There are 2 protein chains.
Amino acid sequence: MAKVGDRVRVESKDGVHEGTVLPSPENQKNLLMLKLNSGYNIGIKLDKSVKIKVLGTGTKAEPLPTIIQKENKSLPSISLIATGGTIGSRVDYKTGAVQTLMKPQEFIANVPELAQIVNLKKISRPFAVWSENMSHVEWQKIAQEVAKELNAGAEGVIVTHGTDMLHYTAAALSFMLKNLSKPVALVGGQRSSDRGSFDGALNLICAANYCKSEIAEVSLIMHGEDADTYCLAMRGTKVRKLHTSRRDAFRPVNEMPFAKIWKNNFELLNSNYKKRTNEKVVADTKFEPRVALVKFFPGQSPDIIDYYISKKYKGLVIEASGLGHVPIDTKDKKLGWLPKIKKAIDSGMLVCFAPQTLYGGLNQFVYAPARQLHDAGVLYLGDMLPETALVKLGWVLAHAKKPVEAKQLMLANLVGELNPRIPEEAFLY
Amino acid sequence: MAKVGDRVRVESKDGVHEGTVLPSPENQKNLLMLKLNSGYNIGIKLDKSVKIKVLGTGTKAEPLPTIIQKENKSLPSISLIATGGTIGSRVDYKTGAVQTLMKPQEFIANVPELAQIVNLKKISRPFAVWSENMSHVEWQKIAQEVAKELNAGAEGVIVTHGTDMLHYTAAALSFMLKNLSKPVALVGGQRSSDRGSFDGALNLICAANYCKSEIAEVSLIMHGEDADTYCLAMRGTKVRKLHTSRRDAFRPVNEMPFAKIWKNNFELLNSNYKKRTNEKVVADTKFEPRVALVKFFPGQSPDIIDYYISKKYKGLVIEASGLGHVPIDTKDKKLGWLPKIKKAIDSGMLVCFAPQTLYGGLNQFVYAPARQLHDAGVLYLGDMLPETALVKLGWVLAHAKKPVEAKQLMLANLVGELNPRIPEEAFLY
């Protein structure tokens with residue numbers, strides 16, 4: 001019987017696979033997990049038809065190499081906040097065992113180049129949560145931790161995070177960190193550290209370089225291309241995950257990235273940023289969780305709005321079609337959205353439209369139906385990403401004293417979430 | 001007082017604008033609609049602060065030039081189905097008046113080059129509906145009309161359509177047209193025909209070229225770049241609107257386009273297509289409308305699934321995060337999705353996951369939470385676009401005799417909606 005760490009050849013009805021046996025997931029002992037030579041993991045259901053041949057026996061997990069980093073006071077001190085995800089752990093490439101990196105030395109051991117760039121003074125781990133399980137509660141904790149570190153003297157902060165919903169957290173920190181005076185870099189890893197294609201090392205190195213820059217903004221730092229060459233620093237409110245697995249999955253939307261960052265180089269692409277100051281950072285984290293995102297689809301019943309009214313939601317972001325449309329004047333009256341939208345607005349709900357296309361901006365003045373929706377009180381959010389709009393809506397509703405103020409805040413450009421002049425080259429950058 | 005067609009200079013609190021007065025929308029007579037020199041229309045609320053100076057008086061709308069097209073029997077005969085949208089109308093550039101193009105001669109008059117490429121035999125207009133108002137009822141009518149024309153001898157069919165939801169219709173026709181034996185080209189216009197940047201002419205010309213090709217597939221034919229140079233023929237199930245206003249807003253996702261098409265040139269990029277045959281086309285249009293698309297967002301309550309159960313929906317496509325995740329094992333048990341998903345599946349609902357990232361494919365074998373969801377019965381739809389998945393789900397549920405057959409059909413590659421080998425260069429193409 002093959003053991004964890006063994007190299008095996010497996011014949012099943014899915015074909016023939018060679019790889020290293022990984023630990024099976026709990027409660028799924030009949031699943032043989034295999035790390036293929038390509039670095040991908042697959043699961044093979046063990047039944048009678050499966051034939052396993054052991055090609056070589058495994059070895060024990062190697063201890064993480066320890067590099068004692070002497071504090072290098074000539075380098076700027078930064079802090080790292082680890083929240084979970086691929087990048088904050090280390091997978092032993094022989095056994096598949098996962099170790100969570102807890103100490104600065106462990107991060108440095110995993111990515112030794114960091115010690116040449118910054119003085120990584122402190123690592124805090126306020127929680128360890130899968131990216132898709134994050135909500136405003138975690139955003140608030142991260143924002144508080146970032147503010148604390150910056151106010152305690154860190155020249156910048158790196159936040160490591162699972163990648164699934166990383167762009168939402170980037171948007172949340174952008175709104176929650178008031179008077180931000182230093183760089184904040186969010187990074188994740190699309191590939192685990194046992195794989196030749198591990199991207200976390202370069203992402204961390206580029207994030208450290210970003211922390212030494214003058215850009216006092218919340219940025220997401222991830223690969224600029226699938227090759228392991230450089231990263232992009234992308235504004236937290238103007239970035240989105242656009243691929244499930246590529247290393248360059250995160251792309252800037254409707255704005256150029258702040259910079260291209262290599263291990264040893266830094267090219268500024270967009271000078272529309274706030275420079276470092278000496279201000280005290282304030283974690284202004286109040287958030288109204290009764291907000292929802294609704295992606296409109298053809299033939300959709302507008303009754304979904306009734307549902308959110310009945311659940312006492314305070315705000316909705318509707319991903320509208322084209323320049324900002326949902327059905328009006330339909331033959332089948334049940335499919336017309338205007339009466340339900342008016343009802344929601346009358347009930348005190350803030351109804352916002354954001355572009356379902358992601359790229360480009362809404363325009364309520366081109367077609368008559370959009371003008372009707374606009375006149376009914378729908379807020380047209382220009383080129384704001386729907387994801388950013390949802391986060392902003394929760395933040396704004398917790399901060400505005402009156403509905404009119406909430407509307408003004410939603411339409412105002414608070415932290416670069418609106419870009420009235422989208423450059424040509426930003427499309428599919 | 002300025003009249004429709006007059007050139008005016010308007011000072012308002014939004015600034016100074018020069019342009020031509022367009023007809024005001026109905027019920028909004030206090031809105032001055034202006035066509036700017038840039039070609040964009042804007043609406044200016046008329047109040048006391050607005051100053052209007054007439055720079056020149058307007059002229060009457062010019063009649064559409066009529067070109068009597070002699071039937072050119074040496075060219076292949078095609079049919080055109082007009083369904084509404086910018087491309088099927090003509091805006092008089094002096095008055096802004098909109099004329100709907102009804103006859104082949106009118107389309108030819110608007111785009112004279114068409115007469116050199118094809119013999120445009122017939123135009124049918126089964127209805128005129130804004131793109132965002134389309135639902136399965138219109139998809140069915142279009143499919144029936146396309147099948148009728150192809151079986152009556154047309155060498156290809158062009159369908160003109162508003163652009164907002166054009167990609168949904170493209171996916172619907174892909175599933176509904178069985179035994180498709182000739183090219184079907186869907187086209188729209190991002191800019192109206194009174195603007196210098198009118199894109200509909202090139203789109204129609206390239207669609208006509210596509211109708212002469214060997215590619216017996218439903219394709220969307222739109223600009224390949226923002227300049228007026230060439231179009232792309234993109235598979236109906238692998239295309240999405242990714243920009244609100246650019247002429248090259250439609251992009252292929254997870255697959256290379258079939259071809260680049262110029263006015264006088266045709267370059268094949270992807271030979272994975274069905275060739276022309278002599279089969280009779282069948283419009284197989286049955287559709288189950290009780291299907292919905294839910295885009296997952298952080299902190300979202302899974303109660304939304306209860307809502308769709310209570311409304312007796314038969315299928316759900318959830319836009320999951322990353323490789324296919326929603327929250328499992330959350331600290332706050334109310335935020336865990338697994339119990340609700342199990343309840344939905346137990347009630348007979350088909351629950352599918354599609355990638356929220358749009359690009360890339362899901363993989364249920366990398367992380368344990370995804371394996372749990374998969375084992376609970378969630379269908380992981382690989383690299384299928386969420387929009388295509390929704391349309392397919394409605395079509396499959398109306399065709400499968402048993403749940404097990406519905407599952408098999410959803411996971412099978414029926415018309416190119418799944419691509420197990422996504423080429424590198426297809427990302428952000």
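Two residues are taken to be in contact if their C-beta atoms, placed from the backbone, lie within 7 Å. By this criterion, the contact between the chains of this predicted model takes 52 residues from chain A and 52 residues from chain B. On the side of chain B that touches chain A, strand 4 (41-45), strand 20 (291-295) and helix 8 (368-375) of chain B each supply at least two residues. The residues of this side of chain B comprise 28 nonpolar, 18 polar and six charged.

Strand 20 of chain B also belongs to a sheet. Four strands of chain B form this open sheet in the order 20-21-22-23, with parallel pairing. Strand 20 and strand 23 (379-380) of chain B lie at the edges with a single partner strand each, so one side of each has no neighbour in the sheet. Strand 20 of chain B runs parallel to strand 21 (residues 315-320) of chain B, and five bridges join the two. Within this pairing, B:L293 is placed opposite B:V317 of strand 21 of chain B.

In chain A, parallel pairing is found around strand 12 (184-187). Strand 10 (residues 157-160) of chain A is joined to strand 12 of chain A by four bridges, and A:V159 stands opposite A:L186 of strand 12 of chain A. Strand 12 of chain A also pairs with strand 13 (residues 218-223) of chain A, in the parallel sense and over three bridges; here A:V184 stands opposite A:V218 of strand 13 of chain A. Strand 12 of chain A is covered on both faces, with A:V184 and A:L186 buried on one side and A:A185 and A:V187 buried on the other.

The loop between strand 11 (177-178) and strand 12 of chain A contains A:N179. Most residues other than glycine have a negative phi. The phi of A:N179, in contrast, is positive, near 55°. A:N179 has 14 other C-beta atoms within 10 Å and is therefore partly exposed. A positive phi near 55° is also found at B:L428, again a residue other than glycine. B:L428 is located in the segment after helix 10 (403-411) of chain B and counts as partly exposed because it has 16 C-beta neighbours inside 10 Å.

Helix 3 (residues 136-151) of chain B has 16 residues and reaches 22 Å from its first C-alpha to its last, close to the 22 Å expected. Its buried residues include B:W139, B:I142, B:V146 and B:L150, and among them are also B:E138, B:E145 and B:E149. Just after helix 3 of chain B, B:G153 takes a positive phi of about 115°.

Helix 9 (residues 386-399) of chain B has 14 residues, which should span 20 Å at 1.5 Å a residue; the end C-alpha atoms are 20 Å apart, in agreement. Of the 14 residues of helix 9 of chain B, 12 are buried, and the helix is mostly covered. The buried residues include B:P386, B:K392, B:W395 and B:L397.

In chain A, helix 9 (residues 386-399) packs against helix 10 (residues 403-411) at an angle of about 145°, and the axes are 9 Å apart. The crossing of these two helices of chain A is right-handed. Helix 9 of chain A contributes A:K392, A:L393, A:V396 and A:L397 to the contact, and helix 10 of chain A contributes A:A406, A:L409 and A:M410. By class, this contact has six nonpolar residues, no polar residues and one charged residue.

Terms used: Residues numbered from 1 in each chain as written. Chains lettered and ligands numbered in written order. Predicted model: local features only at pLDDT ≥ 70, side-chain atom pairs only at ≥ 80, totals over all residues. Nonpolar A, V, L, I, M, F, W, Y, C, P; charged D, E, K, R; others polar. Expected span 1.5 Å × (residues − 1). Buried ≥ 20, exposed ≤ 12 C-beta atoms within 10 Å, placed from the backbone. Pairing = 2+ DSSP bridges. Axes fitted to C-alpha atoms, helices over the stretch in contact; angles between N-to-C directions. Left-handed = near helix turned anticlockwise from the far one by under 90°.
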